[in-house]
Protein chains: 2
Amino acid sequence: MKLSDRKKKILQYVVDDYISTAQPVSSKVITEKYMQDISSATVRSELAGLEEMGYLSQLHTSSGRVPSIEAYKFYVSELMDRGQLTQAELGTIKSAFKGHADNMEKVVQNAVKVIAELTDYTSVAYTSHNANDKIVKLDIFRNKPNQALLLIVTEQTLIRDKFIEIPEMMSDAQLDDASRFIGRAFIGKELGEIMQMGEIIANEFDCYREIFNSVMSAIEEYIVKDNGEVATAGEGKILNHPEYNDSQKVQNFLSVVTSKDKLVELLKDNGDNIEINIKIGGEDSADMPKDCSLVTATYSASGVKIGSYGVIGPLRMDYQKVVSVLEGVGRILEDILNDKK
Amino acid sequence: MKLSDRKKKILQYVVDDYISTAQPVSSKVITEKYMQDISSATVRSELAGLEEMGYLSQLHTSSGRVPSIEAYKFYVSELMDRGQLTQAELGTIKSAFKGHADNMEKVVQNAVKVIAELTDYTSVAYTSHNANDKIVKLDIFRNKPNQALLLIVTEQTLIRDKFIEIPEMMSDAQLDDASRFIGRAFIGKELGEIMQMGEIIANEFDCYREIFNSVMSAIEEYIVKDNGEVATAGEGKILNHPEYNDSQKVQNFLSVVTSKDKLVELLKDNGDNIEINIKIGGEDSADMPKDCSLVTATYSASGVKIGSYGVIGPLRMDYQKVVSVLEGVGRILEDILNDKK
DNA sequence: TGTTAGCACTCTTTTGGGTTAAGTGCTAAC
DNA sequence: GTTAGCACTTAACCCAAAAGAGTGCTAACA
């Protein structure tokens, strides 16, 4: 069933108005605020049609209309005007990143901070542990008689440190030797590659088998179990929005937003090649809090996607603003990341 | 003014009852639940006395009494019974730490998780960047023509990575040389020590002055600016407590609990040598959320205090339970930390 | 045939008063 | 010093009435 142009216009007005006022929208406000040229009775019959089609609903017979999840989806994909950042907002974004590009983690933290500030929603980001990441440096050195610190630095400048057990009778020189030996074999290789060739080359390391196994399991743990880092900002912003005056809802929301594991689940498979990915309503994904929207963008370095960032908030989200802020941050992020590489 | 024994008893009952029920306490419930041998009229006159002294207050003339901040302080220091952990709780604590001692960060994360779970309050922890921490390893290696990654590992197994600028015309061999040179001078020294001797030895490094300065400023930044790590768990637990049904209060609370900087401010100077430190009501400290209590314990390794952990929540907190959980976690933490060293 | 004015209908929100319940402070007696 | 008794205060509850918001329907109109 196709929507007439007028129905589309009206639907857009309803969603716009509901997003900005959080109040059910009546035929009266549409004629008064947006369409002075037609009567409220006409709008009423159009609204009834839109309700029939599943785009709107009423809380009770004498309330205005509220958009359905389908309405938001349609709004975002076809109706919404693209927003423009003001000069001031652009300035805020730029200055948020000034002088903090020495450390990937900080860049991401600044990103979520400024996004939360500008949009007034909770902002989240995810950086993946990529199997394509290459090892740049590997070092093992003794900490106490039977323990050593394993240090792996990768190209994406992710650093992994982990204590591993070592045989107590091994001399420092032997440990050094083992470290160099394993380093020579692993440096320059991708993490995923190493995982695969594990069994094949294991026998080459026969004399240092124990250490070799520890290194392998550290790499495996890094890629498989501990699969990414997250950053968040503005967790409390959710309370600014009236749909979250129910403490149970807030708690649900916080339990996702403050749990690294849940956030990773939520963010890791997001929008492979699309710039902006919008997930509305949590019904399809078990990890998503109920009645939430997630708007994310991905960021890449050297053409490889390394993570995503965005906002999570109520269905009634100011998508227009959020999208423009994410795009703005994306442009600046790109500059920083490409400058670094 | 001294409190009679009976007044103390009554005050204790009022606080106990208020902590467990969250309802203003009347003279009737005291005689019925706690003191069947005297009449409510007697209790009423005692309550009036306690109110006079500033330990109790009423919301309105016909409500029961609520403890004041002073009452909580007095309760904690003199009235409260010491709690005992159940066998089940002890078991929960122990199993929370099983098999995760390979990484300091994870130990702390497990600590806050189990504390939040057992107490039902938000749990926070702080690990300081200690000026007494000794450098164990220092490494600099090139990343791109004019940038290198500086890697510093300290005894407390804190690792600091930072990109530093290097002269583009410097050869790899020269860089290696500089790295070894600086390493020899710094390894085994305390961070604070290095900061102090900075100017004195600067001229020794004349040929590598630029790199030397970068290393020094990285160390300085680490100790001075970025002074510690925090971990939190159960941020949403605050919503389980009826005094936080006001969204403004929740937001205030979350703005502290989710901000690393504010948490560091709050936790860094806590209770130098005391095992359990209780801060009630935020009026003395600007960083403390209003009407909150903070109960913390410190943890040490090799006799040096390296951080603190605890819970933050409403004034009406179950101090007894919180203290016993913190003590329980402390004992197990100690075992782990000493086993590691 | 689409649009509109008018109106009855539904449901929520607000208002107000009257009752109930909780708890206190005071007084007089023990 | 303790207690029973009672007047007083305040919040909480209930219920009914009124007001308000918004709709759907119908009949008239262009």
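This is a predicted model: local features need pLDDT of at least 70, side-chain atom pairs count only at pLDDT 80 or more; totals for chains, interfaces and linings use all residues.
1. Let's begin with the pairing of the chains. Chain A superposes on chain B by a rotation of 179° with 0.0 Å of shift along its axis, at an RMSD of 0.2 Å. That is the relation of a two-fold axis. The copies meet through the same surface, because 100% of the interface residues of chain A are also interface residues in chain B.

2. Next, a helix pair within chain B. Helix α1 (residues 5-21) of chain B packs on helix α2 (residues 27-34) of chain B at an angle of about 95°, and their axes are 11 Å apart. That makes α1(B) roughly perpendicular to α2(B). On the α1(B) side the contact is made by B:Ile10, B:Tyr13, B:Val14, B:Asp17 and B:Thr21, and on the α2(B) side by B:Val29, B:Ile30, B:Lys33 and B:Tyr34. By class, this contact has 6 nonpolar, 1 polar and 2 charged residues.

3. Now to the DNA. DNA strand D is surrounded by 18 residues, the closest being A:Ser27, A:Arg65, B:Arg6, B:Thr42 and B:Thr61. By class, the surface near DNA strand D has 2 nonpolar, 12 polar and 4 charged residues. Helix α3 (residues 40-52) of chain B gives the most to this surface, with 3 residues.

4. For B:Ser62, a polar side-chain atom lies 3.1 Å from a base oxygen of DNA strand D.

Technical notes: Residues are numbered from 1 along each chain as its sequence is written. Chains are lettered from A and ligands numbered from 1 in the order in which they are written. Side-chain values use heavy atoms; hydrogens and water are left out. Axes are lines fitted to C-alpha atoms, for helices over the stretch in contact, and angles run from 0 to 180 degrees between N-to-C directions. Helices (H or I, at least four residues) and strands (E, at least two) are DSSP runs, numbered from the N terminus. Angles under 35 degrees count as roughly parallel, over 145 as roughly antiparallel, 65 to 115 as roughly perpendicular and the rest as oblique. Contact means heavy atoms within 4.5 Å. Ala, Val, Leu, Ile, Met, Phe, Trp, Tyr, Cys and Pro count as nonpolar, Asp, Glu, Lys and Arg as charged, and the others, Gly among them, as polar. Copies are superposed by least squares on the C-alpha atoms of residues with pLDDT of at least 70 in both. A residue is near a molecule or strand if one of its heavy atoms lies within 4 Å of it. A polar contact is a pair of N or O atoms within 3.5 Å; within protein, one must be able to donate a hydrogen and the other to accept it, and residues adjacent in sequence count only if both atoms are side-chain atoms.
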